[in-house]
Amino acid sequence: MGKKQYERPIINKQYSGFMNKFGNATVSQPKTEIENIPVKDLVAQYGSPLFVMSERVMRENQRNVARIFRTRYPKVQFAWSYKTNYMNAVCSVFHQEGSWAEVVSEFEYDRARRLGVQGEHIIFNGPDKSTEGLERAIREKAKIHIDHYDELYELIEITERLGLTAQVAIRVNYDVGVYPKWDRFGFNYENGEAREALKRIVVNKKLKLVGLHSHIGTYMMSPEPYRIAMTKMVALANWLKSQHHVHLEYLDAGGGLPSHNTLKGQYLQAEEALPALDQYADAITGPLFELESYGDSMPTLILESGRALIDNAGFLISTISALKRLSDGKRAYIIDAGINLLFTSFWYKHKLVPAQATGVIKENASVFGPLCMNIDCIHEDISLPAMKKGEHVVLFNVGAYTMTQWMQFITLRPSVVMIMEKGGVEVIRKGESLDYVMQLEQTPDSLKKFSLV
Ligand SMILES: Cc1ncc(COP(=O)(O)O)c(C=O)c1O
């Protein structure tokens, strides 16, 4: 056994009179390996910071959620939410698992097509679709989810002009008891707007109404709003059936299932605070059995789940660049990954642990990123054992909305690797270089030279 490392004693300020309802801070084990690969080897080979994705975990998540829903309702189709993570390798994993693509821009639409997804397997959401984008989606028979009247009227014009039929659904928003209401996307249910839009669609010969869509919010902490939304969606479907003889192909419940990240201000850890996905599945599928006159050809339930399928498949390895004391004596760490890579740390308390064995004494610390910006704070207050410059930390649950929302700001974006299910590590996005970042810039001739004295 090696010699035990000396740990300098520290003095922790105690606030008398305040009970600590949490008891002693739980000890987080260091994360020295990801999928049996030592963190230090990953850093040695691919650099730091480094995003690491696990193919195995993504597939397991997808299969598990599919199982949970399919045991409750037999016709379920997933559509991978591109904005959650549109790295090609990641999308391919979900497409190999049978998921369609759910896109919210032409950029995402083009990515899906280039990856080989057929138009009929693309769900085209979003409030800002251009004329060209709509034309392409109509030609390729993508499922266009109409967000507002201007889009509906434009679709009517385009289909008329092209002499083609569009496959459409409308996005519906509802009062689901969560406030402020998410009513900026789609047509409102309660004020009758959704029914009016549907009436305009069903009388149009060139618009084929194939489904209804809703996405009631993200990181929904309770299943009940889904039950309310799906009950209202089923009421719309029943009305369409009885009044307009429309037999819908699908009902799309959107995404929003929570991941295991803990929100800022959330009292308990996400794992303890959130209901099981089974409860969400009950809430979403239960109302579907109230569909009338569908007989054996029940509509498909589409799910556009993003974060719940991928957050825990992503890790971010980072290196400690410096330690310092703030003016009040509080410990601060500077690490080489900041809000430029973890936009999500504005609302999540990402789990962060050392990547090597440490002592047992913990101290509250702030963890700052590398940016020379005051906002670059990953954790304002986190209890950590002592670590040294050059050691590594691992951040958990970073698979969703990081590699799509990251910023090329002040510094370059790092490599992303995937640990493959069959073994081995593959780079799925190379770290950026100065040449890559500057390739689109053009400097006028008159600005190409200067001399400084
Ligand atoms: C229309 C739509 N579907 C699906 C998603 C995925 O949501 P989540 O990652 O919360 O499951 C989003 C994300 O905001 C969305 O806007």
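Modeller: Residues are numbered from 1 along each chain as its sequence is written. The model is predicted, so local features need pLDDT of at least 70, side-chain atom pairs count only at pLDDT 80 or more, and totals for chains, interfaces and linings use all residues.

Colleague: Why are α5 and α6 called oblique to each other?

Modeller: Helix α5 (residues 131-139) and helix α6 (residues 149-162) pack at about 55 degrees, with axes 10 Å apart. Angles under 35 degrees count as roughly parallel, over 145 as roughly antiparallel, 65 to 115 as roughly perpendicular and the rest as oblique. The pair is therefore oblique, and its crossing is right-handed.

Colleague: Which residues of α5 and α6 meet?

Modeller: T131, L134, E135 and I138 in α5 meet E154, L155, I158, T159 and L162 in α6; contact requires C-beta atoms, placed from the backbone, within 7 Å. These residues divide into 5 nonpolar, 2 polar and 2 charged.

Colleague: What makes L155 buried or exposed?

Modeller: L155, in helix α6, has 23 other C-beta atoms within 10 Å. A residue is buried with 20 or more, exposed with 12 or fewer, and partly exposed in between. L155 is therefore buried. Leaving out residues up to four places away in sequence, L155 touches L134, I144, I146, A166, V168 and L207.

Technical notes
Axes are lines fitted to C-alpha atoms, for helices over the stretch in contact, and angles run from 0 to 180 degrees between N-to-C directions. Helices (H or I, at least four residues) and strands (E, at least two) are DSSP runs, numbered from the N terminus. A crossing is left-handed if the near helix is turned anticlockwise from the far one by less than a right angle, and right-handed if clockwise. Two residues are in contact if their C-beta atoms, placed from the backbone, lie within 7 Å. Ala, Val, Leu, Ile, Met, Phe, Trp, Tyr, Cys and Pro count as nonpolar, Asp, Glu, Lys and Arg as charged, and the others, Gly among them, as polar.
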